[in-house]
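Please find below a note on the model, written as numbered points for a colleague who works with coordinates. The terms are given their cut-offs where they first come up.

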Amino acid sequence: MPPVSNPTVVAASYHMHHTRKTLQLEEIAGGRRTVLEEIVVSGRREARQIAAARGARCWNF
């Protein structure tokens, strides 16, 4: 039986902090997450647009 390969996924996570809202683009490979980029956004709508433009899967919004 051939080994199972774990595909790499780029996930987009939206976070609301007290003073700012951010979008984190993370690479998920082999069950581990690596933050690729953190972008300050105005809200969920902008975060979804950026995630779609970057080909990332919306993870928690």
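The points below go from the basis of the model to the sheet, the core, the aromatic pair and the salt bridges.

1. Basis. This is a predicted model, in which local features need pLDDT of at least 70 and side-chain atom pairs count only at pLDDT 80 or more, while totals for chains, interfaces and linings use all residues. Residues are numbered from 1 along each chain as its sequence is written, and side-chain values use heavy atoms, with hydrogens and water left out.

2. Sheet. Four strands make an open sheet of mixed pairing, in the order β3-β2-β1-β4, where helices (H or I, at least four residues) and strands (E, at least two) are DSSP runs numbered from the N terminus, and two strands pair if DSSP finds at least two bridges between them. The edge strands, each pairing on one side only, are β3 (32-41) and β4. Between β1 and β4 the pairing is parallel and runs over two bridges, and A12 stands opposite C58 in β4.

3. Helix on the sheet. Helix α1 packs on the sheet and touches β1, β2 (21-29), β3 and β4, its direction making about 130° with that of β3; contact means heavy atoms within 4.5 Å, and axes are lines fitted to C-alpha atoms, for helices over the stretch in contact, with angles from 0 to 180 degrees between N-to-C directions. The loop between α1 and β4 holds G55, which counts as exposed because its relative accessibility is 60% (buried is under 20% relative accessible area, exposed over 50%, partly exposed in between, with a 1.4 Å probe and protein chains only). The C-alpha atoms of G55 and A12 are separated by 9.3 Å, although the two residues are 43 apart along the chain.

4. Core. The largest nonpolar core has eleven residues, among them A12, L25, I39, I50 and A56; such a core is a set of buried Ala, Val, Leu, Ile, Met, Phe, Trp, Tyr and Cys residues joined through side-chain atoms within 4.5 Å. Two or more residues come from each of β1, β2, β3 and α1, and α1 gives the most, with three. A47, which lies in α1 (residues 44-54), counts as buried because its relative accessibility is 0%. Not counting residues up to four places away in sequence, A47 touches Y14, L23, V41 and F61.

5. Aromatic pair. How are the rings of Y14 and F61 placed? The two form a tilted pair, 5.7 Å centre to centre with 50° between the planes, under a rule that pairs rings of Phe, Tyr and Trp (its six-membered ring) if their centres lie within 6.5 Å, and that calls planes under 30 degrees apart stacked, over 60 edge-to-face and the rest tilted. Y14 belongs to strand β1 (residues 9-16) and F61 to the segment after β4 (57-58), 47 residues apart. Y14 counts as buried because its relative accessibility is 7%, and F61 is buried at 18%.

6. Salt bridges. There are three salt bridges in the structure, each defined as a side-chain nitrogen of Lys or Arg within 4 Å of a carboxyl oxygen of Asp or Glu. R20 meets E38 at 3.4 Å, N to O, and this pair links the loop between β1 and β2 with strand β3. For E26 and R33 the N to O distance is 2.3 Å; E26 is buried at 7% relative accessibility, whereas R33 is partly exposed at 41%. R54 and E37 have their closest N and O atoms 2.7 Å apart, and this pair links α1 with β3.
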